[in-house]
Amino acid sequence: MAEEVRSFADVKSTLIKRPTQDQTPQGEQVRKLDAKGRAYATGRRKNAVARVWVKPGAGRITINGKDENTYFARPVLRMIMRQPLVVTNRETQFDVMVTVSGGGLSGQAGAVRHGIARALVVYEPDLKPTLKHSGFMTRDSRMVERKKYGRAKARRSFQFSKR
């Protein structure tokens with residue numbers, strides 16, 4: 001049962017975990033696709049949460065059942081959302097289906113961007129260094145500060161009057 005240990009080298013050899021066949025070597029990543037050949041990831045920004053599925057296709061993006069041009073009418077929001085695809089030169093290679101909820105349009109666009117970046121890494125693990133260097137893999141943790149009692153907003157006081 002117990003292995004006999006006579007020196008520090010023996011102790012070290014007993015502590016090292018040897019990988020089994022079902023484990024991959026550290027550093028290597030494996031594609032994880034569902035039965036339909038899609039990669040799934042979740043993106044978050046402010047109070048918005050985006051569930052993103054990426055699959056090979058013609059480059060169409062569908063958000064909550066609507067076309068991207070209909071859902072995000074402002075070009076800036078569409079540009080923010082598409083950044084991971086542009087940086088990796090995958091604009092016309094993947095169809096993206098998104099379900100997003102919570103927050104406003106700006107937060108939702110950021111959540112979709114985060115989700116697309118994470119889903120691309122699930123589909124193609126080799127893209128992770130490029131996306132991480134561009135800053136798309138990091139969740140933006142900034143949140144709105146809560147309103148305090150006795151104040152007009154989080155920090156703004158009511159106007160002072162001597163009378």
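# Exercises on strands, contacts and a pocket

β2 and β5 pair in the antiparallel sense over 8 bridges. Two strands count as paired if DSSP finds at least two bridges between them. Helices (H or I, at least four residues) and strands (E, at least two) are DSSP runs, numbered from the N terminus.

The model is predicted, so local features need pLDDT of at least 70 and side-chain atom pairs count only at pLDDT 80 or more, while totals for chains, interfaces and linings use all residues. Residues are numbered from 1 along each chain as its sequence is written, and side-chain values use heavy atoms, with hydrogens and water left out.

## Exercise 1: strand partners

Find the partner of V52 in β5, then describe how β1 and β2 are joined.

Solution.
- Step 1. V98 is the bridge partner of V52 in β5.
- Step 2. β1 and β2 run antiparallel and are joined by 7 bridges.
- Step 3. Across from G43 stands A50 in β2.
- Step 4. The hairpin of β1 and β2 has 2 residues between the strands, and K46 takes a positive phi near 50° there.

## Exercise 2: aromatic pairs

Count the aromatic pairs, and classify the pair of Y40 and W53 and the pair of F94 and Y123.

Solution.
- Step 1. Rings of Phe, Tyr and Trp (its six-membered ring) pair if their centres lie within 6.5 Å; planes under 30 degrees apart count as stacked, over 60 as edge-to-face and the rest as tilted. The count by this rule is 3 aromatic pairs.
- Step 2. Y40 and W53 have ring centres 5.1 Å apart and planes at 45°, so this pair is tilted. Y40 belongs to strand β1 and W53 to strand β2, so the pair ties together parts that are 13 residues apart in sequence.
- Step 3. Relative accessible area is read as buried under 20%, exposed over 50% and partly exposed in between (1.4 Å probe, protein chains only). Y40 is partly exposed at 37%, and W53 is buried at 16%.
- Step 4. The ring centres of F94 and Y123 are 5.0 Å apart with planes at 80°, so the pair is edge-to-face. This pair links distant parts of the chain, with F94 in strand β5 and Y123 in helix α4, 29 residues apart.
- Step 5. F94 is buried, its relative accessible area being 4%. Y123 is buried too, at 11%.

## Exercise 3: salt bridges

State how many salt bridges the whole structure holds, and examine the partners of R60 and E145.

Solution.
- Step 1. Side chains of opposite charge can pair when their charged atoms come close. A salt bridge here is a side-chain nitrogen of Lys or Arg within 4 Å of a carboxyl oxygen of Asp or Glu. Searching the whole structure gives 8 salt bridges.
- Step 2. R60 pairs with D95, and their closest N and O atoms are 3.8 Å apart. The pair links distant parts of the chain: R60 is in the loop between β2 (48–56) and β3 (61–63), and D95, 35 residues apart from it, is in strand β5 (residues 94–101).
- Step 3. R60 counts as exposed at 57% relative accessibility, whereas D95 counts as buried at 10%.
- Step 4. E145 forms a salt bridge with K148, the closest N and O atoms being 2.5 Å apart. E145 also forms a salt bridge with R155, where that distance is 3.1 Å. Both E145 and R155 lie in the segment after α5 (128–134), so the pair ties together parts that are 10 residues apart in sequence.
- Step 5. E145 is partly exposed at 39%, K148 is partly exposed at 25%, and R155 is exposed at 63%.
- Step 6. A network of salt bridges links R45, D140 and R142.

## Exercise 4: the largest pocket

Give the volume of the largest pocket and sort the residues of its lining.

Solution.
- Step 1. On a 1 Å grid over the protein atoms alone, a pocket is an open set of points where a 1.4 Å probe fits, with protein on both sides within 12 Å along at least five of seven lines; lining residues have an atom within 4 Å of a point. The largest pocket holds about 150 Å³ of space.
- Step 2. Its lining includes R44, R45, I80, H114, F136 and D140. β1 (39–45) and α4 (105–123) are the elements that give two or more residues to this lining.
- Step 3. α4 supplies the largest share, 4 residues.
- Step 4. The lining of the largest pocket divides into 2 nonpolar, 5 polar and 5 charged residues. Ala, Val, Leu, Ile, Met, Phe, Trp, Tyr, Cys and Pro count as nonpolar, Asp, Glu, Lys and Arg as charged, and the others, Gly among them, as polar.

Notes:
Points joined across faces, edges and corners; volume = space filled by probe spheres on them.
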